Amino acid sequence: MACFSATLGVIILSGFINLTAASKDICDFYAKAGQSLTLPFFYEGLTNTHVLKWTHNNTIIFFRQQGRVSVGKTEDISATGSLLLKNLQFSSAGAYKANVLHPNGTSAKKWSAHLCMIDKVSKPQLTYVCDFKSSAVNLNCIVAKPQGLVFSWTLDEKTLTSETKQTLSVSLAQLKGQRSFTCSVANKVSQERSDAVRPTCISPSPSPPPSLCFTRKTVVAVVTGGVIVKNDHLYLLFIWKTT
Ligand SMILES: *[C@@H]1O[C@H](CO)[C@@H](O)[C@H](O)[C@H]1NC(C)=O
Ligand SMILES: *[C@@H]1O[C@H](CO)[C@@H](O)[C@H](O)[C@H]1NC(C)=O
């Protein structure tokens, strides 16, 4: 029974993933606020005898019949019927449809697409933490809304092609020579890069290697013996050993 429910769980999960992937495909075009975008529509034989209609969320935004434009601007339409959208706003998102009618009123060509408006990414802040336990420096590319963003990293101005996560871990051995890091975030409409950061990791209390610990113990024994016999020669030997 336990095996059965486990298998069921996997099936439900993969179905859910497919659904999410499908909903991402809703957007045919992406834009950011303030930009312009041409919605490409190509009806090669377009003439003034045709009716050309564009809608946004089922509201007519361009209408031309017998060469007369009653909704929208003549200059926003190309020779084949493409529509230029200027100074886009978040309310510009949604469904766009183009429709050309023959002079006899039948449909000649239809086209539709979905426009998604998204925020520009903000400049990321690159921070780091020295992890002396694992001999690594952990870098973090901090940005307000990291969901769905693409991360990239550079080391000394060279892109680390296999690094695409929000965090980056580099061994302390690789840090020699003041290495400079940057991270970048990108979405469909913009990209921003952090300031360059040169991590400095100096261990506050370096733990001595085991062999040195052993030597110290030996030295203490020698010094104790040295003090008792007041042997200056042995005492000097102690200083030499500990440095
Ligand atoms: C059109 O519909 C989209 C949702 O599909 C919405 O985000 C947008 O604000 C709507 N715009 C207008 C002008 O109705
Ligand atoms: C309407 O006109 C188009 C192009 O001139 C033609 O192909 C089509 O057959 C016509 N349809 C009717 C119902 O007249």
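**Figure 1. Cys27 and Cys116, a buried disulfide pair.** In this predicted model, both Cys27 and Cys116 are buried. Their sulfur atoms are joined in a disulfide, with an S to S distance of 1.9 Å. The torsion about this S-S bond is about -80 degrees, so the link between Cys27 and Cys116 is left-handed. Follow the chain and you will see that the bond connects distant parts: Cys27 belongs to the loop between α1 (2-24) and β1 (29-31), while Cys116 is in strand β8, 89 residues apart.

**Figure 2. The disulfide of Cys130 and Cys201.** Here the S to S distance is 2.1 Å. With a torsion of about -80 degrees about the S-S bond, the disulfide of Cys130 and Cys201 is left-handed. Cys130 sits in strand β9 (residues 125-131) and Cys201 in the loop between β15 (191-193) and α2 (210-229), so the pair ties together parts 71 residues apart in sequence.

**Figure 3. The disulfide of Cys141 and Cys183.** These two cysteines are joined with an S to S distance of 2.0 Å. The link is right-handed, with 80 degrees about the S-S bond. Cys141 comes from strand β10 (residues 136-142) and Cys183 from strand β14 (residues 181-186), so this bond, too, links distant parts of the chain, 42 residues apart. Cys141 is buried at 0% relative accessibility, and Cys183 is buried with a relative accessible area of 0%. Stepping back, how many disulfides does a search of the whole structure find? It finds three. If you number the bonded cysteines of the protein in sequence order, the pairing reads 1-2, 3-6, 4-5.

**Figure 4. An aromatic cluster with Trp54 among its members.** Phe29, Phe41, Trp54 and Trp111 make up one aromatic cluster, and the structure holds three aromatic pairs. One of them is Phe41 with Trp54, an edge-to-face pair with 6.2 Å from centre to centre and 80 degrees between the planes. Phe41 is in the loop between β2 (37-39) and β3 (51-56), and Trp54 is in strand β3, so their pairing ties together parts 13 residues apart in sequence. Phe41 counts as buried, at 0% relative accessibility, and Trp54 counts as buried at 0% as well. Trp54 also pairs with Trp111: the ring centres are 5.5 Å apart and the planes are at 65 degrees, so this pair is edge-to-face. Because Trp54 lies in strand β3 and Trp111 in strand β8 (residues 107-117), the contact ties together parts that are 57 residues apart in sequence.

**Figure 5. Lys109 over the ring of Phe41.** Which residue has its charged end over the ring of Phe41? It is Lys109, at 5.7 Å from the ring centre. Phe41 is the residue that forms an edge-to-face pair with Trp54 in the previous view.

**Figure 6. The surroundings of ligand 2.** Three residues surround ligand 2: His102, Asn104 and Thr106. Look at Asn104 for a polar detail: an N or O atom of the Asn104 side chain is 2.5 Å from an oxygen atom of ligand 2. How much of ligand 2 does the protein bury? Taken alone, ligand 2 exposes 360 Å², and the protein buries 31% of that.

Key: Residues numbered from 1 in each chain as written. Chains lettered and ligands numbered in written order. Predicted model: local features only at pLDDT ≥ 70, side-chain atom pairs only at ≥ 80, totals over all residues. Heavy atoms only, no water. Near = heavy atom within 4 Å. Polar contact = N/O pair within 3.5 Å; in protein donor to acceptor, adjacent residues only side chain to side chain. Areas by Shrake-Rupley, 256 points an atom, 1.4 Å probe, with all protein chains shown as cover. Phe/Tyr/Trp six-rings, centres within 6.5 Å; stacked < 30°, edge-to-face > 60°. Helix = DSSP H or I, 4+ residues; strand = E, 2+ residues; numbered from the N terminus. Buried < 20%, exposed > 50% of the residue type's maximum accessible area, 1.4 Å probe, protein only. Lys NZ or Arg CZ within 6 Å of the ring centre and 35° of its normal. Disulfide = S-S within 2.5 Å.
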